[in-house]
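Here's a walk through one protein chain, starting with a few individual residues and moving on to its packing.

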Amino acid sequence: MAATEFLIRVLLRTIRYPQKVSDEMDEATRKRMQQRAELLSREMSRLLQELEQRSQEESGVSWGAPLFAALQQWPFWAIAGVLVLLFGLWWCLRKRRREPDSRSGEERSSIHREQVEEAEEEEEDSDDADFLGRFFEEHIQWPVQDLATECLVVKDLVGDLLRVFQVLLSNSFFPVLQPAIGVGSAFEGWSPHEDDAVYRLLVPLQAPRGHAFHLELGTAGEMPARNSCICVELVCTCTRERLAGEMLCFLHHPEEELRRNQDPSLLCTLCTGSYLDVRKTARWFHQLVKAAWLVLPHLSKYRLTLLPSSRSCKFQVTKDDNKSLVVEMVFGVQQGNSDIFLSSQATEDIFTPSTMWSESCAVAEVKFFSHMARKVPHDSFHLKCLQLCARVLVGTGFSTYTLKTVVMHLLTTIPVSGWRRRHFLLRLQDIMQYLRCCLEEKRLDHFFLGNERVPEKIVLPPAFQTAKPLNLFQRLAQDPPTQAEALREFVELRDRLTRLLIYGY
């Protein structure tokens, strides 16, 4: 990738800064450039055709390790081979341009001349790198949606709904709803779904009056815990009852009196046994959305379509111009004062019992990207790198979470100044190289477990801070065929990225 970037830089510089030559050389130079351009066109056509054929063919040949390692880089070396055809011309023109400077430099000291040339060289390289970044920024077809603006629209809409919910539930014993927190890729500033982003928000739940939530984390030693429960317990409110007379104590009043004079407890509405039920909570939220939509006149400009979801409240809003936004509200209970929640969001398990909640780092992740956004330069390309790599994941066994974990690790190891537009190709190379090393070593550490590089602004439970790093690629270590398949898919992934850089889409 480094060699490719250098040669592409040479090509772009030759195009961007055509050098001055004498009149006698004009005709000969034009002929040579025309011949080289025609050759370049033929070679690029052949290269792209071979690249397309390679992605459609499956080879049963078992290559030796050295040959395989060499072939893995063939798209980049092929491009380099084509671009080097222009290198000789560039060098000659560059040398000719500098000859007058050399003659005039005889009047200056050699030390001063070298210092000036070095400064000019550094400035030219910097300009070339920035031009290369701008070239790819304009060349690649990026998603057209304005995530930042649409996130604000969604947050305002959900905020209005929650305020109505709070009025409707003010005298009930349903969970107390807290302000929603935008989570997921859209609120992090990127989206793996191109122009079809899902705007996900986590609504924190607190126990209502006369109730308490107790978190029962899953299997001992499993982190993040997937099979956790939220136990709902009744607490005595006799003191409050005597002071304010606002409610009857669920523990110390007869059931008949409670049925006549008070709404049922949470245990009788959204729980299965003593545990908060995810599916019942999701159905309750759907009913609330339908009810609130009718009492908010300004929402009449949107058309509401409720979407099926057993563990969240998911709906689509369509504007008058037929532009649609998909919103998903998940629910969670905070662990202490940390940024880790027990969430209703579905896990990778085929079947998850309705009383099971999973430990989620979604809030910590969005806080991390918000923290990095304040530290990186204004022209940082870290989100575009993530967006671009996520685009080529479709149809492979790699998840966007794996890619996001790689980028989070790199953001805390590479200086933030190294993520500017001019470093675009270098950072893409780093992402691919990091992923490949993790595949070969069969290890990718979870970002928030036992990682000393997590920013202090992110509040983690003590167990997260003292935990041993969790290997997200444990399955590769346990199953060699799975690792071999992952390495094959990585080659396809890199080829797709190469095609994307060439074609722009």
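Predicted model: local features only at pLDDT ≥ 70, side-chain atom pairs only at ≥ 80, totals over all residues.

Two residues are in contact here when they have heavy atoms within 4.5 Å of each other. With that in hand, take His-286: leaving out residues up to four places away in sequence, His-286 touches Leu-306, Leu-307, Ser-309, Ser-312, Cys-313 and Lys-314. This histidine sits in helix α11.

**The chain as a whole**

Stepping back, the chain has 18 helices and twelve strands. Of its 505 residues, 46% count as buried. The accessible surface comes to about 26,400 Å², and carbon and sulfur atoms account for 53% of that. As for how the chain meets itself, take the contacts between residues at least 6 apart in sequence: 69% of them join residues at least 24 apart.

In soluble globular proteins, nonpolar side chains tend to be buried together. Here the largest nonpolar core has 50 residues, and the members touching the most others are Phe-368, Phe-424, Leu-428, Ile-431, Leu-435, Leu-439 and Phe-448. Which elements give two or more residues to this core? They are α12 (362-375), α13 (382-391), α14 (400-411), α15 (424-441) and α18 (480-503). The top contributor is α15, with eight residues. There's also a second, separate core of 48 residues, with Leu-270, Val-289, Trp-293 and Leu-296 among them.

Eight of its ten residues are buried, so α13 is largely enclosed by the rest of the structure. The buried ones are His-382, Cys-385, Leu-386, Gln-387, Leu-388, Cys-389, Ala-390 and Arg-391. And what covers the buried residues of α13? The cover includes α12, α14, α15 and α18.

**Aromatic pairs**

The chain has eleven aromatic pairs. A pair like this is described by the distance of the ring centres and the angle of the planes. Here are two of them:

| Pair | Centre to centre | Angle between planes | Type |
|---|---|---|---|
| Phe-165 and Phe-285 | 6.0 Å | 90 degrees | edge-to-face |
| Phe-187 and Tyr-199 | 6.4 Å | 90 degrees | edge-to-face |

Phe-165 belongs to helix α7 (residues 147-168) and Phe-285 to helix α11 (residues 278-294), so their pair ties together parts that are 120 residues apart in sequence. Phe-165 and Phe-285 are both buried. They also take part in a cluster linked by ring pairs, made up of Phe-165, Phe-174, Trp-284, Phe-285 and Phe-331.

In the other pair, Phe-187 comes from helix α8 (residues 185-188) and Tyr-199 from strand β3 (residues 198-206), so the parts tied together are twelve residues apart in sequence. Again, both Phe-187 and Tyr-199 are buried.

There's a charge over a ring as well: Arg-427 lies over the face of Trp-419, at 5.9 Å from the ring centre.

Tyr-275 is found in strand β7 (residues 275-276). Is this tyrosine buried, partly exposed or exposed? With a relative accessible area of 27%, Tyr-275 comes out as partly exposed. Ignoring neighbours within four places in sequence, Tyr-275 is in contact with Glu-216, Cys-229, Ile-230, Cys-231, Leu-270 and Thr-355. With Glu-216 there's a polar contact of 3.2 Å between the side chains. Ser-354 is 79 residues away from Tyr-275 along the chain, yet their C-alpha atoms are separated by 9.4 Å.

**The loop between α15 and α16**

Last stop: two residues in one loop. Lys-442 lies in the loop between α15 and α16. Its phi is positive, about 60 degrees, although Lys-442 is not a glycine. The relative accessible area of Lys-442 is 30%, so it is partly exposed.

Glu-452 is in the loop between α15 and α16 (462-466) too. Its relative accessibility is 82%, so Glu-452 counts as exposed. The C-alpha atoms of Glu-452 and Thr-466 are separated by 9.7 Å, and the two residues are 14 apart along the chain.

Conventions. Residues numbered from 1 in each chain as written. Heavy atoms only, no water. Core = buried A, V, L, I, M, F, W, Y, C linked by side-chain atoms within 4.5 Å. Buried < 20%, exposed > 50% of the residue type's maximum accessible area, 1.4 Å probe, protein only. Helix = DSSP H or I, 4+ residues; strand = E, 2+ residues; numbered from the N terminus. Areas by Shrake-Rupley, 256 points an atom, 1.4 Å probe, with all protein chains shown as cover. Phe/Tyr/Trp six-rings, centres within 6.5 Å; stacked < 30°, edge-to-face > 60°. Lys NZ or Arg CZ within 6 Å of the ring centre and 35° of its normal. Polar contact = N/O pair within 3.5 Å; in protein donor to acceptor, adjacent residues only side chain to side chain.
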